[in-house]
Amino acid sequence: MHYNVHFDFVKHRKKFFAFSIIVTIIGIVALLVFGLNRGVDFKAGTTLDITSPQPMEKERVEQIFKEAGYDINPTVGGTTASARFDKVLTQQEVEQIMAGFHAVYGEGVNKEENTVDVELANELALKAVYAVLLASLGIIIYVAFRFEWRFGIAAIVSLLHDAFFVITLFSIFRWEINLPFVAAILTIIGYSINDTIVIFDRIRENLRFAKIKSFSDLSELVNRSIWQTMTRSINTVVTVLIAAVLLFVLGSESIRYFSLAIVLGLAIGAYSSIFIASPLWLLLKTKWPGTTKKVAAAKNEV
């Protein structure tokens, strides 16, 4: 049965590749110029999360910190206030800050204190990088054995594209990078590879029964495979996006950036699975040095 292809993804692949390359270049420049806004998890410092039995006003909370000797910009929402300090506070300094809150909001004010020293911050940052790299390595090995090595390369490029895109946005807008952000990146990689594998599996199935005689035939097969899985991809992404957006809007401040990274990553992951991964596999299959000109042999390798 002929599948009605409404949009030729392969034909426009150079436009999508160019867009992704431009974003990557912007990301590299942004990281070199701005760096990352590392949270207290990845740099030495203290975090104070303060809760009050009554609503707190941002201006009053800022005044309390100023009176204690700290000119910072706390995050205030309802009965909670969060402040990040670039140094490790002593117990005396914490008690001085809390005394100001008790004086204004009563003795019912409570705090949650998190402190990270320099060595621990560096260790956490290094382990976060290892976690992402090991996850990526495991994925490329699985895909290479489950399908073929070209699928593995296309998948990992797509995944790194997603992760780097989110990191770029966090760098440009100076959003905070912390441990929940690393968890979000790993979650994004998981969802993205899931969508990519579905499309790759359909390409492999279609190759088994197709008569490929030219690049045009293989291009049509890739387009058809993407459209055959399009409904499933959209439904999956939209379903998770709804939950992620609600988590971002209604969730607490402590998971705000985690939710934001998930929302961005899901949208970017859907884009890369459709517009980057499969066309890239086609490019590797037909243009890689040593590849036979008769692409019909492709169906015998997957």
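In this predicted model, the side chains of Asp 195 and Arg 232 form a salt bridge, with an N to O distance of 2.8 Å. Asp 195 belongs to helix α6 (residues 179-209) and Arg 232 to helix α8 (residues 230-250), so this pair ties together parts that are 37 residues apart in sequence. Asp 195 counts as buried because its relative accessibility is 5%, whereas Arg 232, with a relative accessible area of 31%, is partly exposed. Across the whole structure, a search finds eight salt bridges.

**Salt bridge between strands**

- Asp 49 pairs with Arg 84 in a salt bridge whose closest N and O atoms are 3.7 Å apart.
- Asp 49 is located in strand β2 (residues 45-51) and Arg 84 in strand β4 (residues 80-85), so the contact ties together parts that are 35 residues apart in sequence.
- The relative accessibility of Arg 84 is 32%, and the residue therefore counts as partly exposed.

- Arg 224 and Glu 220 form a salt bridge, and their closest N and O atoms are separated by 2.4 Å.
- Both Arg 224 and Glu 220 lie in helix α7, where they are four residues apart, or about one turn of the helix.
- Arg 224 counts as buried, because its relative accessibility of 15% falls under the 20% limit for that class.
- Glu 220, by contrast, has a relative accessibility of 30% and counts as partly exposed.

**Packing of helices α7 and α9**

- Two packed helices are described by the distance between their axes and by the angle between those axes.
- For helix α7 (residues 215-228) and helix α9 (residues 256-287), the axes come within 11 Å and cross at roughly 155°.
- This angle makes α7 roughly antiparallel to α9, since angles over 145 degrees are assigned to that class.
- The crossing in which α7 passes α9 is right-handed.

**Nonpolar surface patch**

- Leu 126, Val 129, Tyr 130, Leu 133, Leu 134, Leu 137, Ile 141 and Phe 145 make a nonpolar surface patch of about 860 Å².
- One of these patch residues, Leu 134, is part of helix α4 (residues 118-146).
- Leu 134 counts as exposed because its relative accessibility is 59%, and the exposed class covers values over 50%.

**Partly exposed residues and C-alpha separations**

- Val 88 is placed in the loop between β4 and α3 (91-105).
- With a relative accessibility of 41%, Val 88 counts as partly exposed.
- Val 88 and Ile 197 are 109 residues apart along the chain, and 45 Å separates their C-alpha atoms.
- Leu 246 is found in helix α8, the helix that also contains Arg 232.
- Leu 246 has a relative accessible area of 48% and is therefore partly exposed.
- Between Leu 246 and Val 263, which are 17 residues apart along the chain, the C-alpha separation is 9.9 Å.

Key
Residues numbered from 1 in each chain as written. Predicted model: local features only at pLDDT ≥ 70, side-chain atom pairs only at ≥ 80, totals over all residues. Heavy atoms only, no water. Patch = residues over 30% accessible without salt bridge, like charges linked within 9 Å, V, L, I, M, F, W, Y side chains within 5 Å. Areas by Shrake-Rupley, 256 points an atom, 1.4 Å probe, with all protein chains shown as cover. Salt bridge = Lys/Arg side-chain N within 4 Å of Asp/Glu carboxyl O. Helix = DSSP H or I, 4+ residues; strand = E, 2+ residues; numbered from the N terminus. Buried < 20%, exposed > 50% of the residue type's maximum accessible area, 1.4 Å probe, protein only. Axes fitted to C-alpha atoms, helices over the stretch in contact; angles between N-to-C directions. Parallel < 35°, antiparallel > 145°, perpendicular 65-115°, else oblique. Left-handed = near helix turned anticlockwise from the far one by under 90°.
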